[in-house]
Amino acid sequence: MITEVDISLIDWSRAQFALTAFYHWLFVPLTLGLGIVQAVMETIYYKTGDEFWKKTAKFWMKLFGINFAIGVATGLILEFEFGTNWSNYSWFVGDIFGAPLAIEGVLAFFMEATFIAVMFFGWNKVSKGFHLASTWLTIAGATISAFWILVANGWMQYPTGMTFNPDVVRNEMESFWAVAFSPVALNKFFHTVLSGWIIGAMFVAGISSWYLLRKREIKFALASIKVAVVFGVIACFLSIWTGDGSAMQVAERQPMKLAAMEGLYEGDDGVNLVGIGILNPNKEEYNDDKDAFLFKIDVPIPKFLSYLAFGKFNAYVPGIKDILDGGYPQSDGSVALSAQEKIGRGKLAVSALAEYHVAKADSTLFERKADSIKLALAATITSDYDSTAQVLSADELFALKKSEIQDKIAAARTQLNENFKYFGYGYIKEPKDLIPPVGLTFYAFRVMIILGGFLFLLFIVSTYFSYKNKFETKRWLQWTCLLSIFLAIFAGQAGWVVAEVGRQPWAIQDILPTSAAISQLSASSVQITFFIFLALFTILLIAELKILTNAIKKGPQINEQ
Amino acid sequence: MERSIFKRIIDFYLEGFRNMTIGKTLWLIILVKLFIMFFILKIFFFPSYLGKFEKPVEKQEYVLNELIQRAK
């Protein structure tokens, strides 16, 4: 039995999962965002009957189809990885993930596969209304699919609606609705889907700008931009709103992630939000006296982090050191436990699980071999008793022993239940192991926020010039929109880095760290598959870009005279 | 005689697939990708780790032992 898990195995497995997720997330947001834009365009066609809008919608639909086809099923690789690389995790949570992923699979297949066919094959074959409904239902199917995946992810960030069954060593769903509509899952869904809308809007505005820069497809490009930039403004506004909700969820349920996002080591009342900054690379320990920053500029709204996190300007925000040392008041009024106390409780939970199974095995033995155990017990009783008394005493002794075992089972179960919320801490060697990579989380958060803000501004400026009919002459704006496609994608990826890196070392928050979740594989085998994926993904990406750019170069071929 | 709804749906799909242009390339990519994923990656590189155990109770005992031992 190998008890120490190779750190490089964890790192490579995480890297492989991250690579697959990054790649998958290149396609999904474009599907979600571009889908809405094309559906809006088709709706305009439905309302006006103008063939121009039909051709415009069909062109974006073609690009949607290319992206959909290349991206389809890439997410399944994540499920392969769960079964191979993360088998303890898969077993531990199987019952929770089963329902959302099964619903996702069924919905994805029936809704998307059915209506996408009508969307692509049904022009002039079904009624305009039925075609439009199919287009919207295709997008609805994709979005609902995303919902169930994000429910699963939300559960990992905030495990709820389940009970741990020690008999089968699995978490079992207690309330489907608590899992499906947990506040974290809902917020994650809206924030993530909205980031997809932003990418879709930027894609349409950027590609249309390319046509304007090439002085072709002018009417098509300007009309597309008008739809995309308004959609982009709406998506950005809603994204800020849901982002605020996410910050509050993180502050309440994942305070360590929030502290890492802010590079906050020492907490305080009324904490400022860091605007930009450079972390001090010489800060080696969370509790040393070195400054966390070489340089930083706070957002010029005093105590803004406290307000964003807890809705009060003077609210206390714990830093990394506070979270590890404990003793600070939490938002629910309780006092936070220290990391050492949590580790102690985690170890109690794991040892209770072990004791529970030992006692259960004894109980099973007593059931199966009752007669021979009774005989053995009888033999231990002295000959002062007559034979009848011997048998009765053996029965009593047997019942007593059995009762003691039942008491042990009950005690272990109670100890496990009382400490299960800290179960994962039982695998943590030192408090500092609970700190996620602060630098990556901090910078990724700034990238997401700064790029998000920039895109919001860009959509507002573009909307202004677009509706003033001046967009066509603003080449700087066209270039900015074109290049910002990559910035929008980058911002979305950075968001996932914050969400996932910021919650390390947990596979499931507080319940299971990656070191316990991982399978006992050799790191080299994971390295091999990592590079296979890298090659496969790169080939697919090249194929997509080639087909996509060919379609874009060919253009919508709308006669604009 | 009017064609049955079933036949019309089949014809709808067949005609749609026949008239595809770029879609044919995309379907080829999808099929190659699915083949690589399910017949190469899944079989040779991503077997179910717990699949080596036949019975659920064996999987359960293995994971239980792993979870207990790794906390030591």
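Q: What pLDDT does chain B average?

A: This is a predicted model, where local features need pLDDT of at least 70, side-chain atom pairs count only at pLDDT 80 or more, and totals for chains, interfaces and linings use all residues. Residues are numbered from 1 along each chain as its sequence is written, chains are lettered from A and ligands numbered from 1 in the order in which they are written, and side-chain values use heavy atoms, leaving out hydrogens and water. pLDDT is the predictor's confidence in each residue, from 0 to 100. Where pLDDT is low, the predicted coordinates should not be read in detail. Chain B averages 88, and 97% of the residues score at least 70.

Q: How many helices and strands does chain A have?

A: Chain A comes to 18 helices and eight strands. Its C-alpha atoms fill a box of roughly 115 × 60 × 45 Å along the principal axes. Buried means under 20% relative accessible area, exposed over 50%, and partly exposed in between (1.4 Å probe, protein chains only).

Q: Where does helix 1 of chain A bend?

A: A bend at a residue is the angle between axes fitted to the seven residues ending there and the seven starting there. Helix 1 of chain A bends by about 30° at A:Trp25, and A:Pro29 follows within four residues. For its length, the expected span is 1.5 Å times one less than the number of residues. With 42 residues (7–48), helix 1 of chain A should span 62 Å, and its end C-alpha atoms are 61 Å apart, which agrees. Just after this helix, A:Gly49 takes a positive phi of about 75°.

Q: How many salt bridges does the structure hold over all chains?

A: Side chains of opposite charge can pair when their charged atoms come close. The cut-off used is a side-chain nitrogen of Lys or Arg within 4 Å of a carboxyl oxygen of Asp or Glu. The structure holds 11 of them over all chains. One of these joins A:Lys125 and B:Glu15, with the closest N and O atoms 3.6 Å apart. That pair crosses between chains, from the loop between helix 4 (87–121) and helix 5 (128–157) of chain A to helix 1 of chain B. A:Lys125 is partly exposed at 37% relative accessibility, and B:Glu15 is partly exposed at 36%.

Q: Which salt bridge links distant parts of the chain?

A: Take A:Lys360 and A:Asp167, whose closest N and O atoms are 3.6 Å apart. A:Lys360 sits in helix 12 (residues 339–368) of chain A and A:Asp167 in the loop between strand 1 (162–165) and strand 2 (170–173), 193 residues apart.

Q: Are B:Arg70 and B:Glu66 buried or exposed?

A: Both B:Arg70 and B:Glu66 are buried. Their side chains meet in a salt bridge (2.4 Å, N to O). They are separated by about one helical turn, because they lie four residues apart in helix 3 of chain B.

Definitions and conventions:
Helices (H or I, at least four residues) and strands (E, at least two) are DSSP runs, numbered from the N terminus.
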